[in-house]
2 protein chains.
Amino acid sequence: MQSPHSCNAEAALPGSVAPRYAGDLMKTTTPDTLISPADLLERLDWRYAVKQFDPTRRIDESTWSALEESLRLSPSSGGLQPWKFVVVADPTVREKLVSAAFGQTQVRDASHLVVFTAKKDFGAADVDAHIRNVAAVKGVPVESLAGLRGMLMGGIVGAKDSAGREAWAARQTYLALGVLIASAALLGVDAAPMEGFVPDQFDTILGLKELGLTATVVCALGYRSETDPYALAPKVRFGYDQVFLHV
Amino acid sequence: MQSPHSCNAEAALPGSVAPRYAGDLMKTTTPDTLISPADLLERLDWRYAVKQFDPTRRIDESTWSALEESLRLSPSSGGLQPWKFVVVADPTVREKLVSAAFGQTQVRDASHLVVFTAKKDFGAADVDAHIRNVAAVKGVPVESLAGLRGMLMGGIVGAKDSAGREAWAARQTYLALGVLIASAALLGVDAAPMEGFVPDQFDTILGLKELGLTATVVCALGYRSETDPYALAPKVRFGYDQVFLHV
């Protein structure tokens with residue numbers, strides 16, 4: 001976690017305001033799409049970790065597209081996005097993953113399945129890919145970003161050993177998972193975040209090793225089955241004073 | 001990450017449907033507070049990692065209360081909530097934290113500051129605290145949850161060494177950070193997630209060591225300054241094909 005340099009958890013960089021990255025929406029300065037605090041909490045309370053998905057219900061294309069975009073837009077340390085999101089649709093592969101997930105049927109029955117993966121041995125080549133992207137988006141020469149590159153190399157790549165960098169990348173994928181879970185709840189899509197799987201088996205089944213990736217966490221998404229008994233279970237959280245400290 | 005037992009990333013347990021935990025909202029089965037995919041993306045695109053907060057603008061009480069509740073409602077592996085969220089209001093402490101955060105002024109100027117902390121050496125006592133809470137919420141005897149306790153002890157506590165458990169707990173705090181960042185964007189609150197600080201110094205300044213906690217990541221929240229040049233910078237993300245794999 002420790003960084004020798006000042007390093008904001010998302011790259012927000014100086015430079016001329018260039019055309020937006022293709023695919024990004026316009027940034028608005030006057031938000032007119034806000035929701036109320038009460039509505040937000042109703043959505044977050046509505047969600048739960050689904051045990052039984054309705055295998056007949058599919059997430060429609062525009063909703064799914066927004067959920068994918070919520071992942072792409074997720075912040076990450078240094079803006080480095082040390083991840084790939086693997087969307088598994090192939091039923092045969094899904095079935096194999098069930099076996100590598102202790103038989104949990106959400107992996108098979110959910111409308112969509114995302115396997116979060118972190119880059120292993122994140123290094124200079126990854127930083128350079130990001131720097132090239134920054135240069136392209138901002139319309140500035142790569143050379144002008146030498147200071148940023150040095151900060152990211154020193155603050156993240158050079159400050160951690162290989163295991164530390166993998167752990168750092170894995171943490172970023174959980175941040176993206178949090179964005180996805182909240183986004184899904186807002187759109188009325190059910191989700192089941194899952195750690196109960198064997199990463200090494202997932203890596204093999206999905207061919208991740210050859211890509212320098214490793215599975216960190218899984219999220220099945222779709223719609224709860226009407227017969228899922230967990231849908232009506234009370235949410236179990238510690239009380240406010242047990243999780244908040246005020247200084 | 002590897003768990004020898006099937007273990008969903010949030011505890012959703014069988015048992016009789018008992019009264020909701022005090023403070024929870026009613027769970028609705030017919031969501032009427034959904035937002036559109038386009039509105040969600042507008043909110044996520046609006047957000048950015050703030051560099052300069054407006055020190056004169058405060059988050060109002062009901063909005064802040066909802067943001068705290070979004071943290072409390074965040075899912076976690078096994079539902080174990082291996083965290084505490086430290087909300088730092090004291091200006092003197094904030095000033096000390098600026099020094100331990102490489103001078104980053106968001107730590108001082110933001111309306112609110114949350115230091116995410118993970119439990120160190122998460123163990124049987126922590127599982128038991130959760131089990132007692134489950135029993136209380138569900139109105140069942142602790143003894144009836146022996147199976148759940150065994151699964152959590154075997155799948156998480158027993159499956160990892162001390163460093164592995166701390167890393168696991170730290171990842172959960174990033175999930176909660178993701179939920180908070182998305183929630184803030186939906187409510188029109190700006191945020192600056194930050195890894196650029198010295199955890200050991202934060203732990204000392206906030207008295208976390210005595211509590212068995214360690215700082216993992218920080219989020220400053222409030223409202224962007226009108227003069228923050230980063231507010232108008234284009235968002236830098238890899239293209240869709242660079243972060244998604246389809247299987």
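Let's start with strand β3 of chain B, residues 190-194. Strands here are DSSP runs of E, at least two residues long, and helices are runs of H or I, at least four, numbered from the N terminus. This strand is mostly covered: five of its five residues are buried. Buried means 20 or more other C-beta atoms within 10 Å of the residue's own, with C-beta atoms placed from the backbone. B:Asp190, B:Ala192 and B:Met194 point one way, and B:Ala191 and B:Pro193 the other.

A note on the source. This is a predicted model, where local features need pLDDT of at least 70 and side-chain atom pairs count only at pLDDT 80 or more, while totals for chains, interfaces and linings use all residues. Residues are numbered from 1 along each chain as its sequence is written, with chains lettered from A and ligands numbered from 1 in the order written.

What joins β3(B) to strand β4 of chain B? Five bridges do, and the strands run antiparallel. B:Ala191 has B:Leu221 as its bridge partner. Pairing takes at least two DSSP bridges.

Now helices. α2 of chain A, residues 61-72, packs against α1 of chain B, residues 37-46. The angle is about 10°, and the axes are 9 Å apart. Axes are lines fitted to C-alpha atoms, over the stretch in contact for helices, and angles run from 0 to 180 degrees between N-to-C directions. So α2(A) and α1(B) are roughly parallel, a label for angles under 35 degrees. Among the contact residues are A:Ser62 and A:Glu69 of α2(A), and B:Pro37 and B:Leu44 of α1(B). Contact means C-beta atoms, placed from the backbone, within 7 Å.

Notes
A residue is buried if 20 or more other C-beta atoms lie within 10 Å of its own, exposed if 12 or fewer, and partly exposed in between; C-beta atoms are placed from the backbone. Angles under 35 degrees count as roughly parallel, over 145 as roughly antiparallel, 65 to 115 as roughly perpendicular and the rest as oblique. Two residues are in contact if their C-beta atoms, placed from the backbone, lie within 7 Å.
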